[in-house]
Amino acid sequence: MRQMKDSGIAWVGKIPQNWISIKAKYVIYSNDGGVWGDDPTNSDTDKVVLRSTEQTIDGKWEIIDPAKRRLSAVSYKNYIIKPDDLLITKSSGSTLHIGKTTLADSYFLQHECYYSNFLQRIRLKKTYSPKFAWYIFNSIFVREQFAYLQNATSGLGNINSKDIENVYIPTPPLNEQQYITCYLDRECEKIDSLKADIQTQIDWLEQYKRSVITEVVTHGLNPSAPMKNSGIIWAKNIPIHWKTMPNKHILKKTKNICSEYKGEDILSLTMNGVIVRDLDAGGKMPTSFDGYQYVQKGNLLMCLFDIDVTPRCIGIIKQNGVTSPAYSQFKTTNIAFADYYYYYYLMLDYTKELLHLAKNLRHSLTEEQLGAIKQLVPPLDEQKAIAEYLDNKCTEIEQIINDKKAQLETLDEYKKSLIYEYVTGKKEVV
């Protein structure tokens with residue numbers, strides 16, 4: 001068993017006897033901030049500037065439709081990215097990305113790219129492996145040091161060049177760095193391959209759920225039912241005994257303003273449905289909830305504005321509360337079952353069908369415009385049967401999806417643990 005000693009790094013513990021713990025500044029050759037861009041004078045145009053390492057997936061560059069900025073013709077070459085540069089996100093809209101580090105690869109041999117002031121570019125001395133440094137800087141013990149340094153500053157959640165230089169890192173001999181890197185590359189590739197397979201399964205299940213919803217809300221539960229043309233572009237053939245009619249006969253808008261907020265649950269329309277908002281979670285918050293609207297269990301909640309960018313435009317309200325008056329709340333009439341129309345509009349939302357009918361600049365629909373759109377009207381008992389079937393079927397599919405997501409989380413944790421064990425010398429490559 002190899003001899004170990006205390007590293008002196010709170011989040012690392014013991015390291016091998018022949019390793020050392022040093023500040024990053026002793027292995028850094030250059031440590032440079034990025035360019036602001038959009039220089040209005042004396043500038044070159046159409047320079048690709050990377051804003052953050054969020055353009056990478058597991059450290060691999062995925063640059064699609066990159067930002068372009070005007071850069072000073074005199075200084076822009078100082079900010080060019082070369083292979084083996086480490087790019088560290090020092091400023092971001094989310095603290096989860098602060099300190100995220102990416103290693104520039106061969107992509108930058110073929111593409112001339114520059115980096116913004118939101119990033120810090122690190123170039124290492126030849127005595128330190130860039131890929132080993134990438135594993136180190138993305139390890140939990142370095143992220144913990146960044147988090148500590150952020151809390152010790154002004155609270156803006158940013159890190160600077162001095163923070164990066166003052167991070168303590170365990171340092172094995174260069175040849176051992178290279179052994180560890182090769183091993184981790186192989187093992188992480190296996191893990192990433194498993195994750196990719198599971199993600200493919202999740203994507204297929206999500207698509208399968210969509211297809212089930214579409215099939216049942218438009219064709220019903222009887223596959224042998226005679227069909228007719230619906231005259232509705234997204235429904236096509238429907239059971240011959242179903243009707244179509246404008247939305248105004250199906251949905252009735254209701255709005256009851258809460259003039260004085262008295263502690264009711266604040267509800268939000270999300271990808272996970274209409275949920276109670278966690279007021280302690282941060283994010284944009286109004287100065288007061290006075291003027292919000294009351295919402296009632298069993299009604300539909302719709303977002304009829306910014307349809308092009310809103311992730312989810314339909315939800316069914318599961319409990320009473322208050323929500324933003326910008327949302328539209330609808331009661332169903334006596335010929336309509338709310339749960340069926342929730343699935344119906346979910347189908348339309350998956351493909352953003354209503355977006356094609358929204359004509360103004362904000363891609364929104366008025367109550368009158370929505371009311372004029374023709375929709376399907378199965379018999380009420382069939383609506384209820386369809387909704388019950390989809391409740392059960394979607395629950396079954398979502399449980400499988402959740403199990404798959406749990407597998408991804410387990411693999412992520414295993415990968416983090418694997419990297420930590422080897423870059424701190426707890427385990428040895430043999």
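**Tyrosine cluster.** I started with the aromatic cluster made up of Tyr340, Tyr341, Tyr344 and Tyr345. Rings of Phe, Tyr and Trp (its six-membered ring) pair if their centres lie within 6.5 Å. I noted that this is a predicted model, where local features need pLDDT of at least 70 and side-chain atom pairs count only at pLDDT 80 or more, while totals for chains, interfaces and linings use all residues. My residue numbers run from 1 along each chain as its sequence is written, and side-chain values use heavy atoms, with hydrogens and water left out.

I found 13 aromatic pairs in the structure. I looked up Tyr340 and Tyr341: their ring centres are 4.8 Å apart and their planes sit at 90°, so I wrote them down as edge-to-face. (Planes under 30 degrees apart count as stacked, over 60 as edge-to-face and the rest as tilted.)

Are these two buried or exposed? Tyr340 is buried at 0% relative accessibility, and Tyr341 is buried with a relative accessible area of 0%. (Buried means under 20% relative accessible area, exposed over 50%, partly exposed in between, with a 1.4 Å probe and protein chains only.)

**Helix α5.** Next I went to α5, residues 174–219. (Helices are DSSP runs of H or I with at least four residues, strands are runs of E with at least two, and both are numbered from the N terminus.) I got 46 residues and 66 Å from first C-alpha to last, close to the 68 Å expected at 1.5 Å a residue. The expected span is 1.5 Å times one less than the number of residues.

**α5 against α8.** How do α5 and α8 pack? I read an angle of about 170° between α5 and α8 (residues 380–423), with axes 10 Å apart. That makes the two roughly antiparallel. (Axes are lines fitted to C-alpha atoms, for helices over the stretch in contact, and angles run from 0 to 180 degrees between N-to-C directions; under 35 degrees is roughly parallel, over 145 roughly antiparallel, 65 to 115 roughly perpendicular, the rest oblique.) I sorted the contact residues into 28 nonpolar, 3 polar and 11 charged. (Ala, Val, Leu, Ile, Met, Phe, Trp, Tyr, Cys and Pro count as nonpolar, Asp, Glu, Lys and Arg as charged, and the others, Gly among them, as polar.)

**Positive phi without glycine.** I checked Asp306, in the loop between β22 (300–302) and β23 (314–316). Its phi is near 50°, and Asp306 is buried at 19%. Lys352 has a positive phi of about 55° and lies in the loop between α6 (338–350) and α7 (367–372). I have Lys352 down as buried too, at 16%.
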